[in-house]
Amino acid sequence: MDYLRYKIIIEGIVQGVGFRPFIYQLAERFGLSGSVCNDTRGVTIEVEGTAEPLQQFIAAISDQKPPLAVIQSVDIQTLPVRGCDSFTILHSAVDETRRAQIAPDTFVCDACLAELFDPTDRRYRYPFINCTNCGPRYTIVTGIPYDRPLTTMVDFPLCINCQAEYDDPASRRFHAQPNACPACGPRLQLVSADGSTLDSVDPVAETIRRLREGQIVAIKGLGGYHLAVDAANQEAVAELRRRKQRDEKPFALMAKNLEAVKELAVVGSDEARLLQGTER
């Protein structure tokens, strides 16, 4: 059989969305050899094999891409066959042209939510849970290509368990740059208005207690600070309005789920889609 080798350059939102692991797994499925790497434009693939598996591989890139990926262009070039016997993920390539796009932050996926509330899981109630299908992207980037050393996660070395997931092609955390757990990742802390750290065994429980008492809490999130107050406490809401000098403009309401929203507002199909989408 005649062997072919292609160089495939893909641009769009293809970094930080599990694209390299996806390409790796596709190549394994179709019995192809070669490599894939991030670069400052997007993702570059070199792949070789026989004609039919190569065509299936190329078709699957667009048809089965990761849920957060957006492909804007695909450039395919023919290369001389090298005779590789495996497919590898290479270290990122860097050049002066920097136009790779980074995915926006997204809501926690169903698989991570299941782990989050599973008392037997090592990430039980870990607030920074994520995988290649969800979590922070854009707001943790410090440069491109999108690799852990060029994110704010560089200060959190992976523990043995997280490193094993990161290195395992079968894991949905394979090359997930924000990967972390309570043993190695960032942690919550509760800080008073004067900046001093409050001694609290469970910062979330203590925050809930303070909200119920009518206090105002600033929650640091990916995109800034979220000022939170008990919406049913008129005195607390009035105090927040006074401090923000926001006498009439409505505040946003948080609700647990879509059913709770429907008790407070008229929800059409478009609203329901947005409230349950990754944007939320």
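**Note on cavity, pocket, core and cysteines**

1. Among the contributors to the lining of the largest cavity, helix H1 (residues 19-30) gives the most, namely three residues. The structure is a predicted model. One cavity of 30 Å³ or more is counted, and the largest cavity has a volume of about 100 Å³. Its lining consists of 17 residues, and those closest to the centre are Gly16, Val17, Gly18, His175 and Gln177. Sorted by class, this lining holds eight nonpolar, seven polar and two charged residues.

2. The second largest pocket has a volume of about 190 Å³. Its lining takes in Ile89, Leu90, His91 and Ser92, and also Asp147, Arg148, Pro149 and Leu150, among others. Arg20, Tyr166 and His175 are also in the lining of this pocket. The class count for the pocket is five nonpolar, three polar and three charged residues.

3. The backbone of His175 deserves a look. His175 sits in the loop between H4 and strand E6 (190-191). Its phi is positive, about 60°, although the residue is not a glycine. Arg125 is a further case, with a positive phi near 60° in a residue other than glycine. Most residues other than glycine have a negative phi. Arg125 belongs to the loop between H3 and helix H4 (160-167). Is Arg125 buried or partly exposed? Arg125 counts as partly exposed because its relative accessibility is 46%, which lies between the limits of 20% and 50%.

4. For the chain as a whole, the secondary structure comprises eight helices and nine strands. The C-alpha trace spans about 80 × 45 × 40 Å along its principal axes. Of the 280 residues, 40% count as buried. Among contacts with a separation of 6 or more, 66% join residues 24 or more positions apart. The chain exposes about 16700 Å², and carbon and sulfur atoms supply 52% of that area.

5. Ile8 is an example of a buried strand residue. Ile8 is found in strand E1 (residues 3-13). Ile8 counts as buried because its relative accessibility is 1%, under the 20% cut-off. Leaving out residues up to four places away in sequence, Ile8 touches Val43, Thr44, Ile45 and Val47, then Phe57, Ile58 and Ile61, and finally Val74, Asp75 and Ile76.

6. Thr106 is in the loop between strand E5 (87-89) and helix H3 (110-116). Although Thr106 is a loop residue, Thr106 is buried, with a relative accessible area of 13%. Which residues does Thr106 contact, neighbours within four places in sequence aside? They are Leu68, Asn133, Cys134, Gly135 and Thr278.

7. Arg241 lies in helix H6 (residues 234-244). Residues up to four places away in sequence are not counted here; beyond them, Arg241 touches Arg246, Asp247, Glu248, Lys249, Pro250 and Phe251. Arg241 and Lys7 are 234 residues apart in sequence, and their C-alpha atoms are 58 Å apart in space.

8. The cysteines should be read with care. A disulfide is a covalent bond between the sulfur atoms of two cysteines. The structure holds zero disulfides. Cys84 is in no disulfide, and the nearest cysteine sulfur, that of Cys37, is 14 Å away. At 34% relative accessibility, Cys84 counts as partly exposed.

9. Cys159 counts as buried, at 17% relative accessibility.

Notes. Residues numbered from 1 in each chain as written. Predicted model: local features only at pLDDT ≥ 70, side-chain atom pairs only at ≥ 80, totals over all residues. Heavy atoms only, no water. 1 Å grid on protein atoms, 1.4 Å probe; cavity = no way out; pocket = protein on both sides within 12 Å on 5 of 7 lines; lining within 4 Å. Points joined across faces, edges and corners; volume = space filled by probe spheres on them. Helix = DSSP H or I, 4+ residues; strand = E, 2+ residues; numbered from the N terminus. Nonpolar A, V, L, I, M, F, W, Y, C, P; charged D, E, K, R; others polar. Buried < 20%, exposed > 50% of the residue type's maximum accessible area, 1.4 Å probe, protein only. Contact = heavy atoms within 4.5 Å. Disulfide = S-S within 2.5 Å. Areas by Shrake-Rupley, 256 points an atom, 1.4 Å probe, with all protein chains shown as cover.
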